Amino acid sequence: MRSQFDYSRPASPQEAVAMRARLGDGARFWAGGTDMILMWQREEVSLDHCIDLTFLDELRFIDVADDRIRIGAMATLAALERSAERHPHLRTLSDITKLMCTPQTRSIATVGGNLCNASPAADLSPAFVALDAEAVILGPDGERRIAMEDFFEGVNHTAVSNGDLLSEIVIPLPPDRRVEASYRRIDRTVVDIALVNASASVSVDAGSRVTGTRIALGAVAPVIIRSGAAEAVLVGADLNNVDSGLLVKAGELAAADAKPISDVRASADYRRAMIKVMVKRALNDSITKLGGTVT
Ligand SMILES: Cc1cc2nc3c(=O)[nH]c(=O)nc-3n(C[C@H](O)[C@H](O)[C@H](O)COP(=O)(O)OP(=O)(O)OC[C@H]3O[C@@H](n4cnc5c(N)ncnc54)[C@H](O)[C@@H]3O)c2cc1C
């Protein structure tokens, strides 16, 4: 492992991608560096060449339109935290950032870095999956889009691990339904990563019928997983009178889909038990945000 690395500062995202293709696997993108510096110090990655994305201002944006929200990969967690007033989904994401790191770290850590690091316990990943977001990826052959749930391929492994660049995340805002999402996590201390986490979105039509839910679970498998069985439970329910037993059932089905491990932080049994609680609470939160009632 080298104790030094070379350094380049691309002038555009396209140049960053071309540099990475030319320099090969020893070259790594550096966004905020809050995960990178630790991986390098612990010799978990080989870093011969640092491609510094810090000055790519065109990737630092949060843009809200009628039909979608776009978040640039280089938007910091602090910028996301400050965006709460601009849209209810941004309030949800802002609330999540407050659980992450410390204010100092949030001022340099980026949204893209959090997703590309692909920790199964990362806080933003489940929420973007629950919000049905897409990743916009730039490679040597141009741009492509994939669903956020397909972005994660393994622990610290994603659709951009081949050297492509995550340029932005797009959250759709469908015109025909109202959607709210929520996030719950359980942790040991406020600066620790989640023992388990869950994000749940609930969609309702104009008549207050639940048309769909998306439930994403973190830290219970190598990648963020969805629970199809749990997602089906609330469909068709009247938002104004949701039986609390349905939330319990959704939590139980999600726990059955989880594949947690036992490690130094918690046992698999504890994680599975907590998934029931996190899913129930996240669904309850989203129903409440939509103005619904759980009885
Ligand atoms: C004290 C501390 C507390 C933390 N607490 C939390 C927490 O509570 N919750 C949590 O989820 N995380 C936490 N983290 C982890 C970390 O801060 C976040 O994951 C952060 O968002 C990473 O962003 P970054 O910009 O620093 O990424 P970097 O470290 O720069 O990059 C991370 C990885 O992503 C790659 N990468 C970065 N940007 C791109 C891109 N646009 N395209 C392709 N690849 C890219 C890099 O090559 C690298 O492999 C914590 C870290 C620290 C140091």
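Helices and strands here are DSSP runs, helices of at least four residues and strands of at least two, numbered from the N terminus.

A word on what you are looking at. This is a predicted model. The chain has 295 residues. Its secondary structure comes to eleven helices and 14 strands. The C-alpha trace spans about 60 × 45 × 35 Å along the principal axes. How does the radius of gyration sit with a compact globule? A compact globule of 295 residues would come in near 19 Å, and the chain has 19 Å, so the two agree. Now the contacts with a separation of 6 or more: 65% of them join residues 24 or more positions apart.

Domains next. The assignment gives three stretches: domain 1 at 6–52, domain 2 at 58–172, and domain 3 at 178–289. Between domain 1 and domain 3, the C-alpha centres are 35 Å apart.

Strand 1, residues 6–8, runs parallel to strand 3, residues 49–52, and three bridges join them. Tyr7 sits opposite Cys50 of strand 3. Strand 3 also pairs with strand 2, residues 27–30, again in the parallel sense, this time over four bridges. There, Ala27 has His49 in strand 3 as its bridge partner. What is the hand of the crossover from strand 2 to strand 3? The path goes through helix 2, residues 36–41, and this β-α-β crossover is right-handed.

Asp35 lies in the loop between strand 2 and helix 2. Buried or exposed? Asp35 has 22 other C-beta atoms within 10 Å. The cut-off for buried is 20 or more, so Asp35 counts as buried. And which residues does Asp35 touch, beyond its neighbours within four places in sequence? The contacts are Gly113 and Asn117. Asn114 is 79 residues away from Asp35 along the chain, yet their C-alpha atoms are separated by 8.3 Å.

Last stop, strand 13, residues 210–218. Why call it largely enclosed by the rest of the structure? Because seven of its nine residues are buried. Strand 13 has an antiparallel partner in strand 12, residues 194–204, with eight bridges between them. One of the pairs is Ser203 with Gly212 of strand 13. The hairpin of strand 12 and strand 13 has five residues between the strands, and Ser208 takes a positive phi near 65 degrees.

Then comes strand 14, residues 225–226. Strand 14 is also antiparallel to strand 13, joined by two bridges. Ala216 has Arg226 in strand 14 as its bridge partner. In this second hairpin, six residues lie between strand 13 and strand 14, and Ala219 takes a positive phi near 65 degrees.

To close, two things to look at on screen. One is Asp35, buried and in contact with Gly113 and Asn117. The other is strand 13, paired antiparallel with strand 12 and with strand 14.

Terms used: Residues numbered from 1 in each chain as written. Predicted model: local features only at pLDDT ≥ 70, side-chain atom pairs only at ≥ 80, totals over all residues. Rg over C-alpha atoms; globule rule 2.2 N^0.38 Å. Contact = placed C-beta atoms within 7 Å. Domains from an automatic or database assignment. Pairing = 2+ DSSP bridges. Right-handed = clockwise from strand over helix to strand, strands pointing away. Buried ≥ 20, exposed ≤ 12 C-beta atoms within 10 Å, placed from the backbone.
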